[in-house]
Protein chains: 2
Amino acid sequence: MDLVIVGSVAFDAIETPFGKTDKIVGGAGTYISYAASFFAEKSGLVSVVGGDFPQETISELESRGVDTAGLQIKKDEKSFFWKGKYHNDMNSRDTLVTELNVLGDFEPILPEAYKTAPFLMLGNLAPAVQLSVIEQFDKRPKLIAMDTMNFWMDSALEELKEVISKVDVITINDEEARQLTGEYSLVKAAKKVLEMGPKYIVIKKGENGALLFDRNNEVFFAPALPLEEVFDPTGAGDSFAGGFMGHISATNDVSFNGLKRAVIMGSATASFCVEKFGVERLQNITEKEFDERVSAFVNLTQFDITLDE
Amino acid sequence: MDLVIVGSVAFDAIETPFGKTDKIVGGAGTYISYAASFFAEKSGLVSVVGGDFPQETISELESRGVDTAGLQIKKDEKSFFWKGKYHNDMNSRDTLVTELNVLGDFEPILPEAYKTAPFLMLGNLAPAVQLSVIEQFDKRPKLIAMDTMNFWMDSALEELKEVISKVDVITINDEEARQLTGEYSLVKAAKKVLEMGPKYIVIKKGENGALLFDRNNEVFFAPALPLEEVFDPTGAGDSFAGGFMGHISATNDVSFNGLKRAVIMGSATASFCVEKFGVERLQNITEKEFDERVSAFVNLTQFDITLDE
C-alpha cells in the first residue's frame, strides 16, 4: 500500500450554465482516488457508502489499483448526497441539498495493510475523522497531506487546528486561507498556517492557479491551464490533491523540487476533471493526452532568461 | 529614438488602506516612461502638462534617457488630475475626482525624430489621440502596443476598434477583455480580440498575473510575484507595459519567445511599482534588485519535468 486516501464517496447532483445532472457518483474520496490512480501503483480508500452506491464504481476503482477494503458499505443506509448549482462565473455556487446519511456517524477503520503506508491524503471531511485516521497508523506516514474547507473552520476549529498541527502539507483555497488566519495577503496567510504545523501549504486559487509555500520562503506557482470552457468545476480541488499525492507516492520524492512537479501534475489532472461532469473525464485520460497536457503546462510557464553575473 | 511613449502625465491623489497622498506625480505616460527607462536606451514621451507640473520630474525623465520634446507644456493651464480610493482588497477602487484640464483638448504632436522610431507604446488615452499618433509616423513602427480601459469601450467604441485594428499588441485587463468581446472565458475573449487586428494580446489579471496569447494558440502565463503587501496598485499596469515595451525595444526581439521574456520583465517592473506610492519605487530600482526580482520569477515558475518519449 503506497497511498491511503480518506474522503467522502457519495452522490452529487450538479447544475452548471452548461447543463445539469441527476445523481451521479462524486465525493472528495472518489475524485482523489481516480486522480491518484493515474500515478499511484497501489492506493487504499477509507470511506463509507450506503447500499445505494453502485458496485460497478467500486469494481472500477479496484481495477485501477484502488483497494476498497477500507470502504465500509452500510447496506441499509443511504450514501452522502450533495446538490449544488454554480453561478454563471463558475467561481461560486449555492448548495441546494446536503444529506449526510452514512457520513453522519462515520467511524473510519483502517485495514491492517493500510497502517504502514508511506503516504496519506486526508480529503475534506470532519477533522475528528481525519484525526482518527492519523491515529490508526502503526507508523507515522512519510508525508501526510490534508484538505479541508471553511465549514470546519466555522464548526470545529479547535479539532481542525489539531489535525493541521499533525500534517506535512495542507491544501486550502485562498478564501479559506484568509479565514483561517485573518490575513488578506496570501503570503502572510501562508506564513501563519506554516506556523500552525505543516511544512508546506498549497493555496488553491481555482482558475487562477495554485501557490506552494515552504518554511524557507520558497514559493512556487502553477497556473491553471487556460481553458475555453470550464464545464463543471466540481472535484477540481480533489483531483488536484489526488494527482499531487499520487505523483509523490509514485516517485517517493518529497523534496521541494519533487513537490513542484507534483503541483504541476495535480494541476494537469484537475484541468481534465473540469471538462466533463463528475469523474467522467478522469476515467478516460490516456497517457498521450496526459503528456500533451503536461507539455501545455511547460509551454505555458517556461521561459528562457539568462541573468548577467 | 527607439521607443515612443504616449500617455497622460499628470497628478494623482491616492488613498489605500496603508495611507494617503496629496497630489503626487502620476499618469500612464509617466509610469510607462520610468518603467521603460530601465531597459530602453532612448525613448520619447508624447503628452501634455500644465504650468503646474514640476520641472524636476521632466528633468529626471530626461536624465533617464526619456526625451521630452514631445511633451507639450501649456503654461497657463493645469495638468490632468485624478483622485481615487482603493477598497480593502486593493482589487477595486472608486474614482473621487477627475479633472481633465490640459488633456481635454490634447492634440499630440510628434517631433520629427520620433517619426521613424521602431517601437510605439500607446498608453491609455482617448482612442482619437492614439490614432493621431500612429498616423504621424513616417513609417509604421515595427511593433505597436496599446493599452486602453473600459471607459473608452463605453464612450468611444468605434474609434477604439479602429485603433485596435492598427496595433500589434493590446494589453487590457480581464474584465475589459470580457466587456470588449462579450465572452466570459478569457481564452475565447483573447481569440475574438485577435480577430480584431492585433497579433498578440496580453490580458492583465492584477495579482493573478498576466496571459499572453498569439494567433497560433500559443499561450504564456506570468504570475504576479506573491508580495506580503501591495502598498499602492496605481500604475502597475502601466509599469508592466513600460517594462514590456522597454525590454522589446532594447532587445529588438519580437519573436514569441522574446515577448515571453518581455512579459516577465514587465511583471518584475510592476512588482516594484506597487511597493510604494506613485513612481517612487520605480525611481530607485538598482540592477542588483532587478536581477534578484527576475530570479524570484524564475524560482516561482520554473520546474523540471522530463516527459517520456
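**Exercise 1. Determine through which surface the two copies meet, and describe the side of chain A that touches chain B.**

Solution. Of the interface residues of chain A, 100% are also interface residues in chain B, so the copies meet through the same surface. Contact here requires C-beta atoms, placed from the backbone, to lie within 7 Å. The model is predicted: local features need pLDDT of at least 70 and side-chain atom pairs count only at pLDDT 80 or more, while totals for chains, interfaces and linings use all residues. Residues are numbered from 1 along each chain as its sequence is written, and chains are lettered from A and ligands numbered from 1 in the order in which they are written.

Step 1. Chain A supplies 32 residues to the contact and chain B supplies 32 residues.

Step 2. On the side of chain A that touches chain B, two or more residues come from each of helix 7 (186-195), strand 15 (219-222), helix 9 (256-273) and helix 10 (287-301) of chain A. Helices (H or I, at least four residues) and strands (E, at least two) are DSSP runs, numbered from the N terminus. Helix 10 of chain A gives the largest share, six residues.

Step 3. By class, this side has 17 nonpolar, six polar and nine charged residues; Ala, Val, Leu, Ile, Met, Phe, Trp, Tyr, Cys and Pro count as nonpolar, Asp, Glu, Lys and Arg as charged, and the others, Gly among them, as polar.

**Exercise 2. Describe the pairing of strand 14 with strand 15 in chain A.**

Solution. Step 1. Strand 14 (residues 210-214) of chain A runs antiparallel to strand 15 of chain A, and four bridges join them; pairing requires at least two bridges found by DSSP.

Step 1. A:F213 has A:V219 of strand 15 of chain A as its bridge partner.

Step 2. The two strands of chain A form a hairpin with four residues between them, and A:N217 in the turn has a positive phi of about 65°.

**Exercise 3. Characterise the contact of helix 3 with helix 5 in chain A.**

Solution. Step 1. Helix 3 (residues 127-136) and helix 5 (residues 157-165) of chain A pack at an angle of about 30°, their axes 8 Å apart. Axes are lines fitted to C-alpha atoms, for helices over the stretch in contact, and angles run from 0 to 180 degrees between N-to-C directions.

Step 1. A:P127, A:A128, A:Q130 and A:L131 of helix 3 of chain A make the contact with A:E159, A:L160, A:E162 and A:V163 of helix 5 of chain A.
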